[in-house]
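Here is a short report for a first look.

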Amino acid sequence: MIKIETITTIDNATFLQKNEIADFLFDHLGKYGDPKEDIMKCLDYALDQNLHAGGFVVLAKENGKIVGALVMNKTGMSGYIPENILVYIAVDASHRGKGIGGKIMDMAIKMANGAIALHVEADNPAKKLYERLGFTNKYLEMRLTK
Ligand SMILES: CC(C)(COP(=O)(O)OP(=O)(O)OC[C@H]1O[C@@H](n2cnc3c(N)ncnc32)[C@H](O)[C@@H]1OP(=O)(O)O)[C@@H](O)C(=O)NCCC(=O)NCCS
């Protein structure tokens with residue numbers, strides 16, 4: 001049976017917990033992923049007390065093993081910029097298409113106060129899931145990399 005768990009800033013997550021989540025995300029984000037050190041930075045931002053605006057993690061577990069994970073960061077801003085940014089979501093490649101991603105997203109939407117931004121590549125099938133949940137793309141994201 002799949003259990004949904006949440007970790008917030010007040011849970012004092014240990015390095016080992018964050019490391020396990022980062023390893024899972026690194027393995028299962030595949031081509032949509034980032035280097036593990038960047039994933040750890042995002043987890044530190046979400047879960048370390050007092051350092052940043054915070055955030056939370058949603059996990060799906062089966063028999064204690066992570067089969068899905070989502071990391072949300074709070075932006076510290078509101079109104080003119082969405083309050084939250086969904087940085088990572090992945091479901092174990094062997095468990096996809098069974099509704100786990102949808103359940104994790106539902107929990108994250110419930111937990112987040114305010115609007116949620118995310119970015120997704122145009123060719124990623126995850127776009128369909130986001131659209132089904134009500135995400136729209138009014139803006140074209142542009143970046144200047146320095
Ligand atoms: C996106 C992801 C988290 C969805 O998890 P999931 O458990 O398969 O999602 P659900 O079963 O709840 O929903 C499946 C929906 O997601 C979409 N989807 C995206 N990738 C899929 C995949 N590899 N297999 C099946 N469905 C996929 C389908 O369009 C489906 O929509 P539908 O139900 O309207 O047909 C998962 O596919 C994943 O980990 N992908 C790789 C990492 C990734 O792309 N992350 C997002 C970066 S922006």
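## Basis of the model

This is a predicted model, in which local features need pLDDT of at least 70, side-chain atom pairs count only at pLDDT 80 or more, and totals for chains, interfaces and linings use all residues. Residues are numbered from 1 along each chain as its sequence is written, and side-chain values use heavy atoms, leaving out hydrogens and water.

## Around the ligand

Polar contacts are pairs of N or O atoms within 3.5 Å. A backbone N or O atom of isoleucine 89 lies 2.8 Å from a ligand nitrogen. For glycine 99, a backbone N or O atom is 2.7 Å from a ligand oxygen. Asparagine 124 places a polar side-chain atom 2.9 Å from an oxygen of the ligand. The protein covers 77% of the 870 Å² of accessible area that the ligand has on its own (Shrake-Rupley method, 1.4 Å probe).

## Helix 2

Helix 2 spans residues 36-47; helices are DSSP runs (H or I, at least four residues), numbered from the N terminus. Ile39, Met40, Cys42, Leu43, Ala46 and Leu47 are buried (under 20% relative accessible area, 1.4 Å probe, protein chains only). They sit on the same side of helix 2 because they cover an arc of only 160° around the axis, taken from the directions from the axis to the C-beta atoms. The face turned away carries Glu37 and Lys41, both exposed (over 50%).

Notes
Polar contact = N/O pair within 3.5 Å; in protein donor to acceptor, adjacent residues only side chain to side chain. Helix = DSSP H or I, 4+ residues; strand = E, 2+ residues; numbered from the N terminus. Expected span 1.5 Å × (residues − 1).
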